[in-house]
Amino acid sequence: PRNYPLAKIMSGEARNHTVEVHFERPNGSRLWIEIKGEGVYDQNQTLIAASVIITDIEDRRRASEEQRVLTTELAHRMKNSLAMVQAIVNQSLRTAGDVETGRKAIMQRLAALSKAQDTLSPTNWESAFIKDVIISAMAPHRTGEKRISIDGPRVKLTPQQAVGLSLAIHELATNATKYGALQSNSGRIAIGWTAEGHNFVFTWIETGGPRVAPPERRGFGSKLIENIVAAYFNG
């Protein structure tokens, strides 16, 4: 073919030329090779010889493709993370009574988001076990008094599910500290889940806290759980 290095050189179109080819071996397997041709000229610039070097570049091409996929995935994750941060900031400021309250809420929620991302790091952001996500999210609220129980089967979550559930648990735990079971010394929280086929049920049960009263307004936590986390679980 005229695009091959030797043909380019012999025709005078180029002094040197390189092309990458997906080559098929006799056994049917394929690999990427690099064909590099270079002309040799005399003092009158007349072509007197040509050399062709063929190099196996399969590993280089594979590494390049893996890098491309990783870069695309990183860009996708960054967009998702930034969208989540934007939602946290907007909703926190919208529901806060004053700037300082909003600032504290934003910092706490971003810390919870960071913890959720940490649970995904060991698996290169492919998945996370639900128990690890819950333990990480509840760590700031565990005092060693065994007031919080966590029980359920070994279940893997997608990155979106892990981040969403971690943020939801942060909201539930914060609410329990301010108004619920963790407000009193006798309160308890039981966190559990079941998974059968495509059916997943998550439970958060508080006991021993103050008397329950209907909320006066819907805060960020309610909107997060109902509008974002539920969608991540097709719920």
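Q: Does α5 pass α6 in a left-handed or a right-handed crossing?
A: A crossing is left-handed if the near helix is turned anticlockwise from the far one by less than a right angle, and right-handed if clockwise. Here, α5 passes α6 in a left-handed crossing. Helices are DSSP runs of H or I with at least four residues, strands are runs of E with at least two, and both are numbered from the N terminus. Please keep in mind that this is a predicted model: local features need pLDDT of at least 70, side-chain atom pairs count only at pLDDT 80 or more, and totals for chains, interfaces and linings use all residues. Residues are numbered from 1 along each chain as its sequence is written, and side-chain values use heavy atoms, leaving out hydrogens and water.

Q: At what angle do α5 and α6 pack?
A: Axes are lines fitted to C-alpha atoms, for helices over the stretch in contact, and angles run from 0 to 180 degrees between N-to-C directions. For helix α5 (residues 159-178) and α6, the angle is about 160 degrees, and the axes are 10 Å apart. α5 is therefore roughly antiparallel to α6 (angles over 145 degrees count as such). On the α5 side, the contact (heavy atoms within 4.5 Å) involves Gln160, Gln161, Gly164, Leu165, Leu167, Ala168, Glu171 and Leu172.

Q: Which residues of α6 are buried?
A: Buried means under 20% relative accessible area, exposed over 50%, and partly exposed in between, using a 1.4 Å probe and protein chains only. In α6, the buried residues are Phe220, Gly221, Leu224 and Val229.

Q: Where does α6 bend?
A: The bend at a residue is the angle between axes fitted to the seven residues ending there and the seven starting there. α6 bends by about 30 degrees at glutamate 226. Its 13 residues reach 17 Å from first C-alpha to last, close to the 18 Å expected at 1.5 Å a residue; that expected span is 1.5 Å times one less than the number of residues. Just after α6, asparagine 234 has a positive phi of about 55 degrees.

Q: How many residues of α5 are buried?
A: In α5, 14 of the 20 residues are buried, so this helix is largely enclosed by the rest of the structure. From its first C-alpha to its last, α5 reaches 29 Å, close to the 28 Å expected.

Q: At what angle do α3 and α5 pack?
A: Helix α3 (residues 99-120) and α5 pack at about 140 degrees, with axes 9 Å apart. α3 passes α5 in a right-handed crossing. Among the residues making this contact are Ala112, Leu113 and Leu120 of α3, and Pro159, Val163 and His170 of α5.

Q: Which residues is proline 159 in contact with, leaving aside its neighbours within four places in sequence?
A: They are Leu120, Trp125 and Glu126. Proline 159 is found in α5 and is partly exposed, at 22% relative accessible area.

Q: Where is glycine 208 found?
A: Glycine 208 is in the loop between β8 (199-207) and α6 (220-232). With 42% relative accessibility, glycine 208 counts as partly exposed. Beyond its neighbours within four places in sequence, glycine 208 is in contact with Ser184, Ser186 and Gly187.

Terms used
Parallel < 35°, antiparallel > 145°, perpendicular 65-115°, else oblique.
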